Amino acid sequence: MVAVLVAAAFALPGGYVAWRVIGGTESPLALLTSPRTLSPLWRTVQLAVLVSASAAVLGTALAWVTTRTDLIGRRFWRVVVPLPLVYPSFVGAAAFISGLSPGGIVHDLAADLGFDLTMRLHGLTGAWLVLTLFTYPYVYLPVAARLASLPTAFEENARLLGDRPARVFSRVVLPQIGSSVAAGSLLVFLYTVSDFGAVHLMRFETLTQTIFRTRLFDRDRSFALALLLLVLALVVVAAERTITRAGARRGALLTSDATVGDRRALTVPLGRWAAPATGLVAGVVGLALVSPAISLADWGLFGWMRSRRGGAPLRLDWDDVLAPTWNTVWIGVTTAVIAVAVVLPVAYLTTRHRSRLGGAVNAVVVAGFAIPGLVVALSLVFWTMHASPFDFLIGSMPVLVFAYVVHFGAQAVRTAQVAVDAVPARMEDAARLLGAGRLRRLATVELPLMLPGLAAGAGLVMLSTMKELPATLLASPIGFRTLATQVWGTYEALFLPEMAILALILLAISALMTWLLVVRRSDHLR
Amino acid sequence: MIYNSRTLLGMLNKRVVVPRATAENLSIEGLSVAYDGPPVLHDVSLDVAAGEMVALLGPSGCGKTTLLRTIAGLERQMAGTVRLGERTLGDSYSFIPPEKRRIGMVFQDGALFPHLDVGQNVAYGLPRSERRSGRVTETLDLVGLGGLEDRRPGSLSGGQQQRVALARALAPHPGVLLLDEPFSSLDTSLRVQVRSEIHHLLLELGVTTVFVTHDQEEAFVLGDRVAVLNEGRIAQVGSPDDLYRRPVDQWVATFVGDANLLPVADASGTCDTAVGPVAVASDTDGMVGRVIGGPADLLVRPEDLRLDEGSTGTVELVEYYGHDAMVRVLLGDGSTVHARTGADVRWQRGDRVGVTYVGPGAVPLGV
């Protein structure tokens with residue numbers, strides 16, 4: 001019963017979009033095939049494919065180099081390499097652009113050396129570069145975790161059977177980590193098609209921006225494009241599922257984690273490749289992690305110094321900093337708690353009872369993640385305007401939280417399932433035989449045992465919520481400012497120092513969350 | 001040693017006050033259990049007297065764990081009755097949920113709550129008013145773990161964990177104690193030690209106990225009586241000696257121990273077999289399933305055969321176990337028999353040996 005309600009809620013935004021398009025005034029087919037629709041679609045697909053491919057290569061290479069070779073400072077790099085995850089892509093893009101523009105650190109340094117670097121990073125190249133740099137951790141993390149859990153015996157056997165390290169990688173390791181690479185690339189693909197901020201800053205018009213731009217004056221087109229984006233995302237997810245499943249069937253025996261040992265994997269001596277490998281890792285980290293931070297810090301410092309020296313004061317008072325910070329944190333926590341509470345019954349259904357209903361509900365919830373946040377928010381905003389019994393919700397906080405939960409709930413599903421699985425059925429049986437009724441069992445046995453897993457899921461949702469831009473822009477109640485929307489607003493108004501200061505606060509919070517959740521917990525650090 | 005001065009036996013020798021009043025008799029009648037498809041348990045009946053220890057023995061998948069879980073109420077029966085003392089726990093009309101049955105159970109891996117300390121684990125089944133009484137300490141003292149109340153289960157050894165699980169099950173004075181392969185997760189050396197300590201304790205306490213095992217030795221060592229299950233039915237219930245010496249059929253005979261089955265044409269008096277004359281047991285009167293007269297297989301245990309100089313057969317294989325040895329002898333007719341000899345094995349592969357039956361009389365079993 002609860003599960004059906006959850007499924008209905010998660011299906012609402014997608015369903016409403018489809019219904020609007022089909023029941024719209026203009027013929028949906030004509031809308032979908034017009035060149036004004038097709039060209040942003042083409043740009044979106046182009047960018048998403050490019051970014052997924054480059055992130056897959058970069059993420060896999062970094063994972064392999066940091067876990068399987070004698071790279072100097074492996075342990076340090078393993079901590080640092082996934083960290084660009086903390087940058088929302090629009091913050092990263094803003095940092096790059098502002099660093100290269102007059103007044104930015106790169107531009108001014110180059111000018112001191114006599115170069116004029118008023119080059120603008122923009123278009124496909126700019127969007128591709130920035131998105132690759134900030135999404136490769138989505139590939140790196142699962143691949144590194146998989147590499148760490150891979151039984152070392154496979155590689156040892158291949159070496160003993162006469163393969164050189166490179167051959168071992170292509171014949172033994174790659175087939176084993178293939179599914180992780182695919183899963184990571186899928187996330188990158190979904191991230192890219194639903195990205196709004198970075199592509200906007202790079203003046204590369206993809207579907208999300210067309211949807212955003214046309215939502216007020218050409219609503220039918222906006223919805224048609226939203227449906228297109230939704231279908232694109234779902235098709236890619238379905239394709240990935242099919243391929244992975246076929247692959248899993250083929251390699252079922254080899255992908256079992258049964259023989260994971262504590263032993264260290266064989267390390268490949270880099271030899272004369274040591275310098276290029278170190279250069280690659282350091283270069284990526286420098287570009288994706290260090291340089292945006294420096295650029296932002298430079299702008300922030302510049303603004304602060306300027307106001308101290310009696311120049312133009314910062315257009316930022318304490319309230320402009322504290323209110324959005326507070327809003328960001330509490331809406332993140334609220335969303336996380338609600339998402340976990342909503343997803344927990346689904347996790348119970350799928351892991352404990354393995355019911356068909358549970359599987360269906362699970363699919364709906366997971367599909368929610370594939371729907372771009374922009375589409376979810378757009379759909380919900382217009383739905384509340386037109387659904388008469390619900391119109392009191394227009395522009396209210398519940399709509400925003402609802403949009404977040406639908407979009408990010410899927411991130412909590414996996415951890416919630418793991419959490420439910422972490423309570424052995426025998427533990428419950430033991431409690432029952434000791435006389436504990438249902439409520440006492442839930443309170444004293446199940447919840448305490450599930451807590452770490454649920455907290456991890458909630459943390460992931462919170463992290464994503466804090467970084468989300470387009471859904472927040474669209475569905476926020478009027479006057480509700482979060483760090484993400486404030487960074488966006490100040491950048492659009494070209495108050496770069498103010499933007500930098502707010503962005504640094506957002507980064508600090510999300511870095512703290514990332515450290516707690518991703519880096520400290522993940523087993524790839526072993 | 002994991003536990004030195006505070007061993008369980010040491011505690012018992014100090015005469016811990018042992019309440020005996022809680023043991024109840026358990027009676028199971030015509031029990032059938034099915035999930036989806038064919039029944040897992042078929043018309044199973046078993047009576048366990050108050051204070052008795054009964055082993056459920058069988059190969060994996062025979063339904064012994066299902067039987068235990070049905071007694072506990074963790075599975076529901078299709079038909080049949082489970083009674084504990086005067087109470088009906090479950091029959092075709094009524095079903096008392098496990099939390100109201102007053103049954104103690106120890107799971108294979110202990111299933112201790114990892115987030116609670118040892119004291120809280122033991123107190124879990126006690127009524128709120130008794131949690132702070134001396135019952136927790138008392139029970140932990142019983143199992144020889146006094147003073148470990150504040151430890152986390154994860155910091156205990158496997159043997160200690162099992163004993164905490166036992167203390168947790170015993171603390172609320174259950175009417176019957178169920179053990180689900182409680183020693184199988186322990187190392188061999190530890191297993192024997194923990195087993196005999198718990199054996200002694202349960203005898204002292206006089207707790208009605210039903211335990212599941214797939215290990216024939218464990219069933220014989222611990223069980224006052226053993227119920228052998230095969231494919232969802234009880235094949236035989238009896239004392240360990242009954243099962244070993246007087247099994248009802250060939251399956252039980254071979255499942256509970258090493259067996260030579262020697263075919264004879266007419267099972268009566270003294271028969272001529274491949275190892276010479278073998279007397280047919282005379283005390284088989286009234287035993288179902290045995291064949292008197294006509295073709296049958298005689299059950300000859302390896303220790304009933306003596307090897308000496310002679311030429312009945314050739315030694316094919318010698319397996320040395322320390323306390324004894326098993327010798328496989330290839331006979332003239334191409335069949336083989338196993339003979340158990342003392343630890344001082346005089347034979348080697350290839351030796352010619354004589355084989356003589358020295359047992360008290362062989363049980364004839366239907367082919």
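**Close-up 1. Helices α3(A) and α7(A) are oblique to each other.** In this predicted model, the two helices belong to chain A, where α3 spans residues 35–68 and α7 spans residues 123–149. Their axes come within 6 Å and cross at roughly 40°. The crossing of α3(A) and α7(A) is right-handed. In the contact of α3(A) with α7(A), 21 residues are nonpolar, 7 are polar and 1 is charged. Two packed helices are described by the angle between their axes and the distance between the axes.

**Close-up 2. Chain A touches chain B.** The contact takes 14 residues from chain A and 15 residues from chain B. On the side of chain A, the elements that give two or more residues are α18 (425–433) and α19 (438–467). Of the elements of chain A, α18(A) gives the most to this side, with 6 residues. The side of chain A that touches chain B divides into 9 nonpolar, 2 polar and 3 charged residues.

**Close-up 3. Chain B is assigned domain 1 and domain 2.** According to the domain assignment, domain 1 of chain B covers residues 8–243, and domain 2 of chain B covers residues 261–365. The C-alpha centres of domain 1 and domain 2 of chain B lie 38 Å apart.

Definitions and conventions: Residues are numbered from 1 along each chain as its sequence is written. Chains are lettered from A and ligands numbered from 1 in the order in which they are written. This is a predicted model: local features need pLDDT of at least 70, side-chain atom pairs count only at pLDDT 80 or more; totals for chains, interfaces and linings use all residues. Domain bounds come from an automatic or database domain assignment. Axes are lines fitted to C-alpha atoms, for helices over the stretch in contact, and angles run from 0 to 180 degrees between N-to-C directions. Helices (H or I, at least four residues) and strands (E, at least two) are DSSP runs, numbered from the N terminus. Angles under 35 degrees count as roughly parallel, over 145 as roughly antiparallel, 65 to 115 as roughly perpendicular and the rest as oblique. A crossing is left-handed if the near helix is turned anticlockwise from the far one by less than a right angle, and right-handed if clockwise. Ala, Val, Leu, Ile, Met, Phe, Trp, Tyr, Cys and Pro count as nonpolar, Asp, Glu, Lys and Arg as charged, and the others, Gly among them, as polar. Two residues are in contact if their C-beta atoms, placed from the backbone, lie within 7 Å.
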